[in-house]
Structures are given as structure tokens and as C-alpha cells.
Amino acid sequence: MQVDDSKLHPLNVRPSLLRYIRQLWGRRYFIAEDATGKSFDSQKDMFLGRAWLVLSPMLDAAMYGILFGLLLRTSRGIENFIGYLIIGIIFFSYMQAGLNGGTNLIKSSQNMISAFMFPRAALVLSQAARNFISGLAPALVAVVGALAFQWGTPPTWRLLLVIPLYLLIHVFATGVMFIVARLCAFVPDLRSLVRVVGRAWFFTSGVFFSVERYATVPLIQDIMVANPAYQFLQAVRDTVMYQETPKLEVWGYLTVWSVGIFVIGLIFFWRAEERYGTLH
């Protein structure tokens, strides 16, 4: 018996980008609920639970402060080095979470991908929203901690500028996650390379030293200043520690990087949409 399959359509077909975005919007409640429910899962089996969201970055700051500030003297020329370091460690961790968060995202979600039809970008957006929620408490600790170590300098209205900077950082990190998620889904060996890149990025973003140390080597200084991670950290420090409003060109630079990487990442991820379900 011959079956007429002329009116049948394959299920695993990549939709148009506009339709794909509409599908993502239709899954917004799932993304929000999944992110909210899993935001604190990594600490649920620990005695101190959610306190580790704050304790972990503070311990990192203490370790790097001793190693680089005291032993290697990278604190020279930096007022309130502890506040400088706390902001650097905590706010850089959001960008690093975007880089590392995509390495195993598709592989760890294969059961869901195989069982349900949904836009796979929802997985990235859910993870990004999870990072956003989990990062709120550390961000507050970073701001309060930086101000506490320069007692006598009253905060100004510019503290409110941390909010749009926090949003832009996570938009940027989400775009990075889109790119890494696709690359590592099809080339698993890249996961090790991403970890190396993440460490190199950390050490070249001015997390625990001032870029002015390289004033005598203009090429290196220019490369480091062009690093969006450095610009994000410096903008947060300006608003919190130095009571300065980032210049308009800085806002433009960070917005272009954040929106640009997000759009490029989403398109790059979407173009492999029909292939994620074939991975094993």
C-alpha cells in the first residue's frame, strides 16, 4: 500500500528568524519559571546554601587580594584597592558565566531537546536569566563593599547607573553564551579551549590591576582598553568608587558591544537550530 506523503512536512526544520523570535516570546513564561526555579540549585545541597552566592566571590577577592595586591604589588597606585578588586572579581564573573555557561548547555539538555519541540535558544535565555537573578546579591555586595572601604566618601546618584550597566553586561554575556553553546555542541574539544580563553580574558581585563601600568607600552595598553570587559569594569568603578558618570562614547561603545554580540550570537545559534536534535 502506497502512502501519499506529499502533504507531510518535516518536523525538525529551522523556522525563519522572525518566526523563531516569536516562538521564543511564546516561551517567555517557561524561560522565566525555569530560571527562577533553578537560580539557586547549585547551592541547595550545601549547609550555607544561598550564602555561597556572596561568600564565593568574597573568598575569591580575598585570595586574589593577597596574591596580587600584597605579594605582587599590583595595588600600587590604586586607591581603595579592595573595592577595586571586589568590583572587578564580581562583575567580571557575570561575563565569565556567559562564556563558560554555554560549553555544556546543549549536551546536558539533550533529553529535553529530544523529547520536546521548542526553540533551543530558550535554553540559553533561561541560563542567562538564571545568571541574572543569581548575580543580584553579589552585585549589591560588590557595591556596598567598595563603598565600605572608602568610608567618608558619600555615595551619589551615580550609583543608579550600575543598574543599566548590570543589564548591558548580561546582554553581552548572553550573546557570548549563544556563540559558545553552538560551537561546543558540535566540537566538544572546544570546551577545554574556552576555559583557557576565559582565564586569559580574566588576566587581561584589569580585574586586579590598573591598565595604566602599561602606559609605557601603548600597543598593549590600547588592546586592553579596547577590551569590552575592561570597559564594563571601569564604568562600574567610575560610578561606584569615583563618583564619575561614564562618558557618552563609553555608553555607546558598551551598548554596541552588548547588542551587537547578542544579535550576532542569536543569529549564529539559530542557523544550526535543526541540527541540535541530531546530537548524541
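1. Before the helix packing makes sense, one convention: axes are lines fitted to C-alpha atoms, for helices over the stretch in contact, and angles run from 0 to 180 degrees between N-to-C directions. With that in hand, α4 and helix α12 (residues 228-240) pack at an angle of about 135°, and their axes lie 10 Å apart. Keep in mind throughout that this is a predicted model.

2. So what do we call that arrangement? The two helices, α4 and α12, are oblique to each other, and α4 passes α12 in a right-handed crossing.

3. Who touches whom here? On the α4 side you'll find Y84, I87, G88, F91, F92 and M95, and they meet A229, F232, L233, Q234, V236, R237 and V240 of α12. Sorted by class, this contact has 10 nonpolar, two polar and one charged residues.

4. Now for the other partner of α4. Helix α4 (residues 81-101) also meets helix α9 (residues 162-186): the axes come within 7 Å and cross at roughly 20°. Angles under 35 degrees count as roughly parallel, so α4 is roughly parallel to α9. The crossing of α4 and α9 is right-handed.

5. The α4 residues in the α9 contact are F91, Y94, M95, A97, G98, L99 and G101, while α9 brings V162, Y166, I169, H170, F172, A173, V176, M177 and V180.

6. A residue I'd pick out is Q127, which is found in helix α7 (residues 121-134). Is Q127 buried or exposed? Its relative accessibility is 15%, and buried means under 20%, so Q127 counts as buried.

7. Leaving aside neighbours within four places in sequence, Q127 is in contact with L105 and M177. As for I31, it sits 96 residues from Q127 along the chain, yet the C-alpha atoms of the two are separated by 8.6 Å.

8. Zooming out to the whole chain: the secondary structure comes to 13 helices and zero strands. Of the 280 residues, 45% count as buried. Among contacts with a separation of 6 or more, 81% come from residues 24 or more positions apart.

9. Last, the surface. The chain exposes about 15,500 Å², and carbon and sulfur atoms supply 66% of that area.

Technical notes:
Residues numbered from 1 in each chain as written. Predicted model: local features only at pLDDT ≥ 70, side-chain atom pairs only at ≥ 80, totals over all residues. Heavy atoms only, no water. Helix = DSSP H or I, 4+ residues; strand = E, 2+ residues; numbered from the N terminus. Parallel < 35°, antiparallel > 145°, perpendicular 65-115°, else oblique. Left-handed = near helix turned anticlockwise from the far one by under 90°. Contact = heavy atoms within 4.5 Å. Buried < 20%, exposed > 50% of the residue type's maximum accessible area, 1.4 Å probe, protein only. Areas by Shrake-Rupley, 256 points an atom, 1.4 Å probe, with all protein chains shown as cover. Nonpolar A, V, L, I, M, F, W, Y, C, P; charged D, E, K, R; others polar.
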